[in-house]
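The open ones and the ligand follow.

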Amino acid sequence: MPHLQSLPSPNKLYVAMVGLPAMGKSVIAYKLQDNLYNLGLSARVFNNGEVRRRLFPENTSHAEFYDPNNAKLVALREDIALINMYEAKDFLNNESGNVAILDATNVSAPRRHKIIAHLSDHPILFVECRNHDADLYAASVARKTKLSEFAHLSTEEAQASFEARIRHYRSIYCPLDTDGSGTDGCPPGAKGPENYVIVDSLNHRIITEHLLNEPPYYGLLRDLLVSDWVKGLSLIRHGETEFNRENRIGGDPRLTDKGRQQARLLAAHFRDRHISSVVTSTLRRTREMADILLEGRPEVERYALKEFDEIDAGVCDAMTYDEVRQLRPGIWESRKADKYNASYPGGESYASMKERVERGVKKALYLSGNAENLVIIGHQAVNRMILSHFLLRREEDVPYVYIPQDRYFHIVSTQSRKLVELLPF
Ligand code: F6P
């Protein structure tokens, strides 16, 4: 009979992240760690890159370091991975940890065999992250190249180096759901591990779930994987524009003096508040608002997403509401009858913009790395859609949600806390 202590403990788990660089693994690893911690469990992320930087502070960021054909460097990186595994093992066995999360690419079959061989004391759940959005990929690469390990390179050199690193990883990438044919980057006859889940890390969707025996905490982990995690989102509408003053819709107007004054009040309100990133639409009125908000704050990351552009008013773009009523009575009436579903000819309806606005929210959260203080500066219709996503409003009410220009919505949506409050600035 085995000694009691050698039996796997039912409440301990290794989570091994899998995925090419810039696929959102670390964002998910920390999301799991922080949420498990908030739920009273002891969870910790073990990142191979941190071990590398700790043990080899000299430059190991150059792409050749990741060349799978350089046996000496492969051995060194395998040693780093092993040290990380043993630190995770120590955490579970000697520091009363519940969940140890191995944050590394782990894209090759031999690396995963090594994890399985060395971490046989508790169950392992492999979590592969995939994300095919080209904008996000570019933004993630751009962000990586700002890390201190690339400080000795120009932006272009850092980007080229990081992309060369990704190519090295791609050359040994074997997906968890290999078909064993030997044509998908995995050795012929290869099988995925016992327990794994593949997630779309942008849309928080489970692509594949494969469980031979359900590991501890799985129900909870799956819920976390598919949930938005909004620690703090300030949802702001741009200030007054010339078009607003004339009751004109759409277009790409600039802020008026009053609009710029509203932006200055916003900046004063946020002066002593941390902002992690600001996401605007691509239109001038939201970008101007961000310019004023971020004066003197060059450290704040900025992104402009088309997903947050105002509802496309098609043939009515740049008309006043009175002109729509007089010149396009059909459109006016159909909006009156069913504003949510009524489309502007050549443009959009609330219903048809829902998908892109929600994609924008996911992108903004992803780009901010689930940070605490994300700011989105949007438009009336766009902000209504974003807000209703969190408030679960009836569709027919969405086009009537009040979106002022001198107040903003502060939103929190985590597993343990839901909050939407309208605050003045
Ligand atoms: O009026 C400003 C504006 O942002 C327009 O550009 C847009 O068409 C409109 O609000 C959306 O609100 P509604 O659906 O109520 O017309």
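On a 1 Å grid over the protein atoms alone, a cavity is a set of points where a 1.4 Å probe fits but cannot get out, while a pocket is an open set with protein on both sides within 12 Å along at least five of seven lines; lining residues have an atom within 4 Å of a point. Grid points are joined across faces, edges and corners, and a volume is the space filled by probe spheres set on the points. The model is predicted, with local features requiring pLDDT of at least 70 and side-chain atom pairs counted only at pLDDT 80 or more, whereas totals for chains, interfaces and linings use all residues. Residues are numbered from 1 along each chain as its sequence is written, and side-chain values use heavy atoms, with hydrogens and water left out.

Searching the whole structure gives two cavities of 30 Å³ or more. The second largest cavity has a volume of about 50 Å³. Its lining includes Phe-46, Asn-48, Met-85, Asp-103 and Arg-111. Helices (H or I, at least four residues) and strands (E, at least two) are DSSP runs, numbered from the N terminus. In those terms, H3, strand E3 (99-103) and H4 each give two or more residues to this lining, and H3 gives the most, with three residues. For residue classes, Ala, Val, Leu, Ile, Met, Phe, Trp, Tyr, Cys and Pro count as nonpolar, Asp, Glu, Lys and Arg as charged, and the others, Gly among them, as polar. The lining of the second largest cavity then has six nonpolar, three polar and two charged residues.

The largest cavity has a volume of about 80 Å³. Among the residues that line it are Val-27, Lys-31, His-204, Lys-362 and Tyr-366. The elements giving two or more residues to this lining are H1 and helix H13 (350-367). By class the lining divides into five nonpolar, three polar and two charged residues.

The volume of the largest pocket is about 1,300 Å³. It is lined by 48 residues, of which Ser-26, Asn-47, Asp-103, Lys-144 and Leu-147 are the closest to its centre. Elements that each supply at least two residues of this lining include helix H1 (25-38), helix H3 (71-94) and helix H6 (155-171). The lining comprises 21 nonpolar, twelve polar and 15 charged residues.

The second largest pocket holds about 550 Å³ of space. Of its 31 lining residues, Arg-237, Arg-248, Ile-249, Tyr-321 and Gln-380 are the closest to the centre. Helix H8 (242-246), helix H9 (257-270), helix H12 (329-337) and H14 give two or more residues each. Eleven nonpolar, nine polar and eleven charged residues make up the lining.

Which pocket does the ligand sit in? The ligand sits in the second largest pocket, where sitting in a pocket requires more than half of the molecule's atoms to lie within 2 Å of its grid points. There are 14 residues around the ligand, and Gly-250, Glu-310, Tyr-321, Lys-339 and Tyr-350 come nearest; a residue is near a molecule if one of its heavy atoms lies within 4 Å of it. Helix H14 (residues 380-391) provides the largest share of this shell, three residues. The shell divides into five nonpolar, three polar and six charged residues.
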